[in-house]
Amino acid sequence: MDNAQEAGTSSTQEESSHTSETKTSIYVAQAKKLIHRRMLVGIKDGRFFIGNFYCIDKQGNIILQDAVEYRSTRRSSPSPMEHRGVGLILIPSSCRTSCHVDCSIEEQLSLLSLNRQI
């Protein structure tokens, strides 16, 4: 490969890297806006957790702090849901079925538009 071809390849890689970094920084900025917001996360076995959003990793695992677990009770009781405090909890992305954030309508719409871009 001659120098001109190497320079062209390097330039293309830099542009691709810059575009990827820009997308990542947009996602990071959106995630930062959610920190310490109340979040409700549903998981596959029917339970759900309500807590303060603490962080999310590249794999999509979510950590909630001051979380409370809610689950349906099958026995007859005055309350159809049982709950217990669990504190800090990691919810794997593979278990998650839903995720809702306590925020304004405008913020919800911007998060939906971000979801379509992914």
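The protein chain exposes about 8600 Å², and carbon and sulfur atoms supply 54% of that; the areas come from the Shrake-Rupley method with a 1.4 Å probe, and for residues only the protein chains shown count as cover. Keep in mind that this is a predicted model, where local features need pLDDT of at least 70, side-chain atom pairs count only at pLDDT 80 or more, and totals for chains, interfaces and linings use all residues. Residues are numbered from 1 along each chain as its sequence is written, and side-chain values use heavy atoms, with hydrogens and water left out.

Let's start with the overall layout. The chain holds 2 helices and 5 strands, and from the N terminus on the elements run α-β-β-β-β-β-α. Both kinds of element are DSSP runs numbered from the N terminus: helices are H or I with at least four residues, strands are E with at least two. Of the 118 residues, 19% are buried, where buried means under 20% relative accessible area, exposed over 50%, and partly exposed in between (1.4 Å probe, protein chains only). As for contacts (heavy atoms within 4.5 Å), take those with a separation of 6 or more: residues 24 or more positions apart account for 41% of them.

Now walk along the strands. Two strands count as paired if DSSP finds at least two bridges between them. E1 and E2 run antiparallel and are joined by 5 bridges; in one of these, leucine 40 has isoleucine 50 in E2 as its bridge partner. The hairpin of E1 and E2 has 4 residues between the strands, and glycine 46 there takes a positive phi near 100°. Next, E2 pairs with E3 in the antiparallel sense over 7 bridges. Here phenylalanine 48 stands opposite tyrosine 70 in E3, and phenylalanine 49 stands opposite glutamate 69 in E3. This hairpin has 5 residues between its strands, with glycine 60 in the turn at a positive phi of about 95°. Finally, E3 and E4 are antiparallel too, with 9 bridges joining them; alanine 67 stands opposite glycine 87 in E4.

The loop between E2 and E3 also holds asparagine 61. At 17% relative accessibility, asparagine 61 counts as buried. A polar atom of the asparagine 61 side chain lies 2.9 Å from the backbone nitrogen of serine 93. Not counting residues up to four places away in sequence, asparagine 61 touches Cys55, Ile56, Leu90, Ile91, Pro92 and Ser93.

What about the nonpolar side? In soluble globular proteins, nonpolar side chains tend to be buried together. A nonpolar core here is a set of buried Ala, Val, Leu, Ile, Met, Phe, Trp, Tyr and Cys residues joined through side-chain atoms within 4.5 Å. The largest one has 13 residues, of which Met39, Phe49, Leu64, Ile89 and Ile91 touch the most other members. Strand E1 (38–43), strand E2 (48–56), E3 and E4 each supply at least two residues of this core.

On to the charges. Side chains of opposite charge can pair when their charged atoms come close. Call it a salt bridge when a side-chain nitrogen of Lys or Arg is within 4 Å of a carboxyl oxygen of Asp or Glu, and the count comes to 4. One of them links aspartate 45 to arginine 47, with the closest N and O atoms 2.8 Å apart. Aspartate 45 is exposed, with a relative accessible area of 51%, while arginine 47 is partly exposed at 25%.

Another salt bridge brings together arginine 84 and glutamate 69 at 2.3 Å, N to O. That pair links distant parts of the chain, with arginine 84 in strand E4 (residues 81–91) and glutamate 69 in strand E3 (residues 62–72), 15 residues apart. Glutamate 69 is buried, with a relative accessible area of 4%. Arginine 71 and glutamate 82 also meet in a salt bridge, at 2.8 Å, N to O. Arginine 71 lies in E3 and glutamate 82 in E4, so this pair ties together parts that are 11 residues apart in sequence. Both are partly exposed, arginine 71 at 38% and glutamate 82 at 23%.

Terms used:
A polar contact is a pair of N or O atoms within 3.5 Å; within protein, one must be able to donate a hydrogen and the other to accept it, and residues adjacent in sequence count only if both atoms are side-chain atoms.
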